[in-house]
Amino acid sequence: MNIGKIWNYISKPEVVPRLFAAFLCLILAIEFFVPTTYYGDQLYPKDTPQGQIFKSNLAPYDRGGIPLIKPADIKTQYPQFEPIKGKITAYLTPLSLWLSEKTPYFGTTIVSTPGGILDEILYYTRGMDTILESLTLLVSFMIFSWIYLNRDRVE
Amino acid sequence: MSLNIDSIAGAFYGYVPFGDIVFYFTEFSLIGFIIALFFTLVVYLTKPEKQLESQIGDFGDKLNYVSLEELKIRRLMAIICGICTAFAMLTGDLFDYALFLAVIGIANMGIVSAVKKEGVLSAAFYYGIIAMISTLPLFGASALILAKTGTLSILELAKNSHDLLFQKIIYAVGMVGETGIAPFYAAKAEMFRAPGAPYILMIHLSSLLIIVRTVEIMLNIH
C-alpha cells in the first residue's frame, strides 16, 4: 500500500466526515463498556420522566413556590451570587396563567417558553447558557437569510 | 458554597459571576482573552486582502476581491467568532464552554458561507457535517460528567478527584470535531483558499485558542 495514496484519499473534504464518524463510532463503542457511576447528590435534580405529569399543569417546570410570596426551593452551585434565588420560577404572565388552567400539558407547549413560564434554571442560575443557545439559532438564521437573499448574485 | 480558587492552575486574578456560571481570570485565560479581543479589533479595523490568481499556461490573471455586502456579513461573523472565542477563554462551566464551541463552529461556517466558490462551499458543508455529529460527544460528555460528579463548574470539579478519564476523552473528541479536526485542518484547508485574509484567519485563531483552552480545562478537572 502506497502511503501517498492514503494521503491523497484523506485529503478530500467529502472523505473527512466519514473518517470522523468511523472514529467516533470506535470511541463511543469502547466508552459504552466503560463502567461509570451515578452521583446521587445532583446539582440540578430532575424528576423521573412523566413523574410530574398530571400532578401539575406546569409539568416539567414546576419547581414549587408562590409568586411574590414564597420563593421556590432551588438548589444551586453558588447561592451567594443569586440574591433573588427561587423567585423567578414562580412567575407566570396573565395569558400563561389562563392557559395553564385550561390544559394539563401547559409546560410542554410552545407558549410556555417565551413570556410564559420563566424557568429559574434556564433564565437565572444558568442564564448565560440560554443566551448562547439563542445566539446559535440567531447566527444560523443570519447565515441562511444572507445566502437566500443573495442567491442570484454572481461574482 | 464558597468559590474554590485554590485548585485552579495559575494565579487567580478575579471572577465575574453570572449566576452559577462564573467567568474567572487566571494568567492563562487572561492572555487568551486579550489575544482574541485584540485580533477581533484587527478584523474590525482592517480591509480584506485582494488575491491575484495567476493562470498557469495562460494569459489573464484573475483578481479576487471581497465585495462590500459580502464584507459586511463576513466581518460580522468574524467578530461574533472572535468575541465568543474571547469569552470561551474565561468561562468556568463545562456546559457553557460546549455552547461557546457550538457558536464558534457555526460562526466559522458563516465566515466562508458568503464566498461564491464551489470548492470553498463544499468544504464548509463537510465541516458543518463534522460539527453537527460532534455535538453528540461534546454535549453527551458534559451530561456524563454532570451525572458522575453532580456538578458542571470547573472550579468545583478541580477540587476533588472524580476519575473522569473516559468522559474527558469523549469531551475532547467533541471539541476536535467542533473545531474542524483543527490540528489537521481537515476540510478547513479548502476553506482557507477563500479570499479575504483577516476573516479567514479568525477561523484559524479561534481553533488554536480553543484547543489550548480545552487542554487547560482537561488538565484542571480530574
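Predicted model: local features only at pLDDT ≥ 70, side-chain atom pairs only at ≥ 80, totals over all residues.
Chain A is helical. The chain holds five helices and zero strands. From the N terminus on, its elements run α-α-α-α-α. Along the principal axes, the C-alpha atoms of chain A fill a box of roughly 75 × 55 × 35 Å. Of the 155 residues in chain A, 34% count as buried. Contacts within the chain were also examined by sequence separation. Among those with a separation of 6 or more, 57% are between residues 24 or more positions apart.

The interface with chain B was considered next. Contact involves 48 residues of chain A and 60 residues of chain B. Together the two chains bury about 4,500 Å² between them. Carbon and sulfur atoms account for 69% of that area. On the chain A side, Phe20(A), Tyr78(A) and Phe81(A) lose the most area to chain B. These three residues together supply 14% of what that side buries.

Between chain A and chain B, 16 residue pairs are in polar contact, with both residues at pLDDT 80 or more. The side of chain A that touches chain B draws two or more residues from each of helix 2 (16-32), helix 4 (120-125) and helix 5 (127-149) of chain A. Helix 5 of chain A gives the largest share, 12 residues. By class, this side of chain A has 26 nonpolar, 11 polar and 11 charged residues. The salt-bridge count between the two chains is one. The bridge pairs Asp93(B) with Arg126(A). Their closest N and O atoms are 2.6 Å apart.

Gln42(A) lies in the loop between helix 2 and helix 3 (94-102) of chain A. With a relative accessible area of 7%, Gln42(A) falls under the 20% cut-off, so the residue counts as buried. Leaving out residues up to four places away in sequence, Gln42(A) touches Lys75(A), Leu146(B), Ala147(B) and Gly150(B). A polar atom of the Gln42(A) side chain lies 3.1 Å from the backbone oxygen of Leu146(B).

Two further buried residues were examined in chain B. Ala131(B) sits in helix 4 (residues 118-133) of chain B. Its relative accessible area is 5%, and Ala131(B) is therefore buried. Beyond residues up to four places away in sequence, Ala131(B) touches Met109(B), Gly177(B) and Glu178(B). Ala131(B) and Gly177(B) are separated by 46 residues in sequence. In space, their C-alpha atoms are 5.6 Å apart.

Val120(B) is also found in helix 4 of chain B. Its relative accessible area is 3%, so Val120(B) is buried. Val120(B) and Pro195(B) are 75 residues apart in sequence. The distance between them is 10.0 Å, C-alpha to C-alpha.

Notes. Residues numbered from 1 in each chain as written. Chains lettered and ligands numbered in written order. Heavy atoms only, no water. Contact = heavy atoms within 4.5 Å. Buried area = accessible area lost by both parts, 1.4 Å probe. Salt bridge = Lys/Arg side-chain N within 4 Å of Asp/Glu carboxyl O. Polar contact = N/O pair within 3.5 Å; in protein donor to acceptor, adjacent residues only side chain to side chain. Helix = DSSP H or I, 4+ residues; strand = E, 2+ residues; numbered from the N terminus. Nonpolar A, V, L, I, M, F, W, Y, C, P; charged D, E, K, R; others polar. Buried < 20%, exposed > 50% of the residue type's maximum accessible area, 1.4 Å probe, protein only.
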